[in-house]
Amino acid sequence: QRWTYRDLQYQILSEGIVTEIHYTTVYALLAEVDLQPHRTLYWKHPVAEDFEEKAVSVLWYYERVESLDVKEELVFCLDEKTQIQALSPPHPDLPAQPGCPLRRDHEYVRHGTANLFLVYDVHEGLLWGDTPSRTNSAHFTKTLEKHIRRYSWAKRIHYILDGAPSHTSKLTRAWLSQYEGRVQFHYTPAHASWLNMAELALSALSRRYLKNGSWE
């Protein structure tokens, strides 16, 4: 059960442990023994059996991104954010003023959903994005082709990505084989999203830009 400080305050009073106590006192008592019953931390165990092998491979490319770039071998990370709700308020925001933050209508209009395909250039630190209508293998490879065409001069292109079904399907593998090694995939281990810099970029983009935006 998840306990807030006010929950515990009510429980203490209802059980007659004391006749009067403020919730800030409950907070102080818990802080003294370093207990945080209002929080939940998620964890995943066990680690994938191939974790070290895949992690070492990904880190190898991160470590050598500059020397690979000199050889015209490019290193990118890619990730997708699916089913992003496009919402906008029915009336314009009222801008922030001294003593009053920005005000937004609590009602909203739904404009459907969107998918964001994001590629992070590890060497240059630049982002490239596209918005495919779906996230299946056919749309994944079609979108990736758009990105590859931007680098027709590159001798080899490396993509660091997770093992999502559209990234590992039979159709995707067949598509990849046509490049005869010029385009290579390097998969991060399961439950190791922090090894994919595109996922980190998507997280930052979502928090700082998408979350509080008005989208039609």
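Which residue is the bridge partner of V75 in β4? Select V75 and then H158: H158 is that partner. Strands, like helices, are DSSP runs numbered from the N terminus (E, at least two residues, for strands; H or I, at least four, for helices).

This is a predicted model, in which local features need pLDDT of at least 70 and side-chain atom pairs count only at pLDDT 80 or more, while totals for chains, interfaces and linings use all residues. Residues are numbered from 1 along each chain as its sequence is written, and side-chain values use heavy atoms, with hydrogens and water left out.

**The sheet**

Stay on β1 and β4, which pair in the parallel sense over five bridges; two strands pair if DSSP finds at least two bridges between them. Now show the whole open sheet: its five strands come in the order β3-β2-β1-β4-β5, with mixed pairing. At the edges are β3 (127–130) and β5, each pairing on one side only.

Next, select β2 and β3. They run antiparallel, joined by four bridges, and V119 stands opposite W128 in β3. Five residues lie between the two strands of this hairpin, and G125 in the turn has a positive phi of about 75°.

**Helix α5**

Select α5 (137–149). Its 13 residues should span 18 Å at 1.5 Å a residue, and its end C-alpha atoms are 18 Å apart, which agrees; the expected span is 1.5 Å times one less than the number of residues. Buried residues here include F140, L144 and I148. Seen down the helix axis, the buried residues of α5 fall within an arc of 165°, so they line one face; the arc is that of the directions from the axis to the C-beta atoms. The face turned away from the buried side carries the exposed residues K142 and R149.

**The core**

Select L144 again. Beyond its neighbours within four places in sequence, L144 is in contact (heavy atoms within 4.5 Å) with L78, F117, Y159, W175 and F185.

A nonpolar core is a set of buried Ala, Val, Leu, Ile, Met, Phe, Trp, Tyr and Cys residues joined through side-chain atoms within 4.5 Å. The largest has 19 residues, of which L78, L144, I148, Y159 and F185 touch the most other members. Finally, select Y62, V65, L68 and I160, which are among the 11 residues of a second, separate core.

Key:
Buried < 20%, exposed > 50% of the residue type's maximum accessible area, 1.4 Å probe, protein only.
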